[in-house]
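Take a look at the model below. The report then moves from single residues to the whole chain.

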Amino acid sequence: MCVNPISKAAKREVLIAPILLEICDKTQIPLNIEYPINVSEQLKESFDYYISSSNSLLVVEAKQSDLSRGFTQLA
C-alpha cells in the first residue's frame, strides 16, 4: 500500500473501512459509522464503527499510534 495514514480519520478511511464494508456486504448487515451512544451525561460518545445483528455485536474504534492515550479513551 502506498498510503501512510497518520491521523485517526485517515486510518479509519484507508485501513478499517474497506474491510468492514466488505464484511457487511458479504453478511448483508448494515455498517453504522459514527454511531452515537448516550449512557449518561458523563458517558456519551460515538463509536467509529458499529455492526449489530440479532445475535452479535461488533464495535470498532480506530486509535492513533499513541496506545497509552488510546487505551485511556477506551477505558
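Start in the loop between helix 1 (8-27) and strand 1. Gln 28 lies there. The model is predicted, and in it the phi of Gln 28 is near 60°. That is a positive value in a residue other than glycine. Is Gln 28 buried or exposed? Gln 28 has a relative accessible area of 65%. It counts as exposed because the value is over 50%.

Move on to strand 1, where Glu 34 is found. Glu 34 is not a glycine, yet its phi is positive, at about 55°. The relative accessibility of Glu 34 is 36%. This value lies between the 20% and 50% cut-offs, so Glu 34 is partly exposed.

Now turn to helix 1, the place of Ala 17. The relative accessible area of Ala 17 is 13%. Ala 17 is buried, because buried means under 20%. What does Ala 17 touch, leaving aside its neighbours within four places in sequence? Ala 17 is in contact with Arg 12 and Tyr 49. Tyr 49 is 32 residues from Ala 17 along the chain. The C-alpha atoms of Ala 17 and Tyr 49 are separated by 8.5 Å.

| Residue | Relative accessible area | Class |
|---|---|---|
| Gln 28 | 65% | exposed |
| Glu 34 | 36% | partly exposed |
| Ala 17 | 13% | buried |

Next comes the whole chain. How many helices and strands does the protein have? It has two helices and three strands. Read from the N terminus, their order is α-β-β-β-α.

The protein has 75 residues, and 23% of them count as buried. Ala 17 is a buried residue. The accessible surface of the protein comes to about 5700 Å². Carbon and sulfur atoms hold 58% of that surface.

Contacts come next. The contact between Ala 17 and Tyr 49 spans 32 residues along the chain.

Last, consider confidence. The mean pLDDT of the protein is 78. A pLDDT of 70 or more is reached by 73% of the residues. Where is confidence lowest, and where is it highest? It is lowest in helix 2 (residues 67-74), with a mean of 59. It is highest in strand 1 (residues 31-38), at 89. Strand 1 is also where Glu 34 is found.

Methods:
Residues are numbered from 1 along each chain as its sequence is written. This is a predicted model: local features need pLDDT of at least 70, side-chain atom pairs count only at pLDDT 80 or more; totals for chains, interfaces and linings use all residues. Side-chain values use heavy atoms; hydrogens and water are left out. pLDDT is the predictor's confidence in each residue, from 0 to 100. Helices (H or I, at least four residues) and strands (E, at least two) are DSSP runs, numbered from the N terminus. Buried means under 20% relative accessible area, exposed over 50%, partly exposed in between (1.4 Å probe, protein chains only). Contact means heavy atoms within 4.5 Å. Accessible areas come from the Shrake-Rupley method with a 1.4 Å probe; for residues, only the protein chains shown count as cover.
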